[in-house]
Amino acid sequence: MDQSWISKDKKPIVIAGPCSAETEEQVIQSCTRLFRTGKVNIFRAGIWKPRTRPNSFEGVGAKGLPWMKKVKDLLGLPVTVEVAKASHVELCLEFGIDILWIGARTTVNPFAVQEIADALKGVDIPIMVKNPINPDLALWMGGVERLQKAGLKEIGAIHRGFSNLGEKVYRNRPQWQIPIDFKRLMPEIPMICDPSHICGRRDILQEVSQKAMDLNFDGLMIESHIDPDNAWSDAKQQITPEVLGKMITDMELREYNPDNIPDEDKLAQLRSQIDHVDDELINILSSRMSIAREIGEYKKDNNMTILQSDRWNAILEKYQEKAASTKLSEGFISKFIKAVHDESIDQQESIIRKK
Ligand code: PEP
Ligand code: MN
């Protein structure tokens, strides 16, 4: 499969630009400053924005497309835009957009993905598919398969994390095992990481981008704005072009050739996967404990005891039953749940003793 748009010799391939195109000047300036860093290969901007709540800025619409075309003509690099339906595809093709991407809120809907695939029949354009917002590997792969069936040859995947109730560290929890499984099952599809939507904040962008590089992702899609705090969407996660340039410069890149892995490298690769899953476990435990502390506040305000025996017995029983279907031993599950529960009690006690 020809994947010339995402040259394997240039790693990481960096896709950068604002979350949303806002004005012509903002788009041109953002991309020009990104270009000057010498680190960016493809420019992005959202033109139609799928927003969680109505009454937020929903994108400038088709009038932003000529701005992207101008960026391409001015700087000589390809541009990419999110499409969510057939009419978006048609407009992008009309305005010479080089690469399309399907957003997370669209990948969840097979009708919408099929509509895009149908609109692209017979068209030769690269397209990237973001993971769906829910952690469903089959739905993500299904999106790619619909495009393949429509005859598209240059398809990429973007890992942007998964929505998770109660998550405190990330905006969208990375759940690295899912893109790793994707790469195992569809090794020919380049995998890009979008740390901006995973993090939702600037301070951990570098570490998440580094993790993606350590896991041998092919590239990064990072949001960048000339005035991040005043961006019309996703202000908290955007960085200036110069900060982005420095981030890429500071990245540690290691060689990895999947066709020639000595056994020790294979082991190192597996160990690095384990380390990433362990990191995630710690983050998940930390989110759990912050919920436990909130429960502690509630119990304190309502004068309740910390240990609610019925609730605890029900939890223990539920997970012992679950052991059977998870390849985890019952003994391990109960030790683990008890340890987590003990720590929750300690955390709640510290809340109740405080004040
Ligand atoms: C975006 O890239 O601006 C965007 C809307 O992302 P996602 O589809 O990952 O939420
Ligand atoms: Mn965004």
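A: One term before we start. Buried means under 20% relative accessible area, exposed means over 50%, and partly exposed is in between, with a 1.4 Å probe and protein chains only. Helices (H or I, at least four residues) and strands (E, at least two) are DSSP runs, numbered from the N terminus.

Q: What should I know about the model itself?
A: This is a predicted model: local features need pLDDT of at least 70, side-chain atom pairs count only at pLDDT 80 or more, and totals for chains, interfaces and linings use all residues. Residues are numbered from 1 along each chain as its sequence is written, chains are lettered from A and ligands numbered from 1 in the order in which they are written, and side-chain values use heavy atoms, with hydrogens and water left out.

Q: OK, helix 6. Which residues are buried there?
A: Leu137, Trp140, Met141, Gly142, Gly143, Val144 and Leu147.

Q: Why might residues three or four places apart point the same way?
A: An α-helix has 3.6 residues a turn, so residues at that spacing point the same way.

Q: How many residues does helix 6 have, and how far does it reach?
A: Helix 6 has 13 residues, 137-149, and reaches 18 Å from first C-alpha to last. That is close to the 18 Å expected at 1.5 Å a residue. The expected span is 1.5 Å times one less than the number of residues.

Q: What happens at the start of helix 6?
A: A side-chain oxygen of aspartate 136 comes within 3.2 Å of the backbone nitrogen of alanine 138. Just after the helix, glycine 151 has a positive phi of about 100°.

Q: New topic. Which protein atoms are donors of the manganese ion?
A: The ion is ligand 2, and its protein donors are Cys19 (SG), His197 (NE2), Glu223 (OE) and Asp234 (OD), at 2.1 to 2.4 Å. Donors are N, O and S atoms within 2.8 Å of the metal (3.2 Å for Na, K and Ca); water is not among the atoms, so sites may look incomplete.

Q: Where in the chain are cysteine 19 and glutamate 223?
A: Cysteine 19 is in the loop between strand 1 (13-17) and helix 1 (24-37), while glutamate 223 is in strand 8 (residues 219-223). The pair is 204 residues apart and links distant parts of the chain.

Q: Buried or exposed, those two?
A: Cysteine 19 and glutamate 223 are both buried.

Q: And what surrounds ligand 1?
A: The shell includes Cys19, Lys49, Ala104, His197 and Glu223. A residue is near a molecule or strand if one of its heavy atoms lies within 4 Å of it.

Q: Which atoms does lysine 49 put by ligand 1?
A: A side-chain N or O atom of lysine 49 is 2.8 Å from a ligand 1 oxygen. A polar side-chain atom of glutamate 223 lies 3.2 Å from an oxygen of ligand 1.

Q: How much of ligand 1 does the protein bury?
A: Taken alone, ligand 1 exposes 290 Å², and the protein buries 97% of that. Accessible areas come from the Shrake-Rupley method with a 1.4 Å probe; for residues, only the protein chains shown count as cover.

Q: Last one. What about asparagine 303?
A: Phi of asparagine 303 is near 55°, a positive value in a residue other than glycine. Most residues other than glycine have a negative phi. Asparagine 303 counts as exposed because its relative accessibility is 74%.

Methods: Polar contact = N/O pair within 3.5 Å; in protein donor to acceptor, adjacent residues only side chain to side chain.
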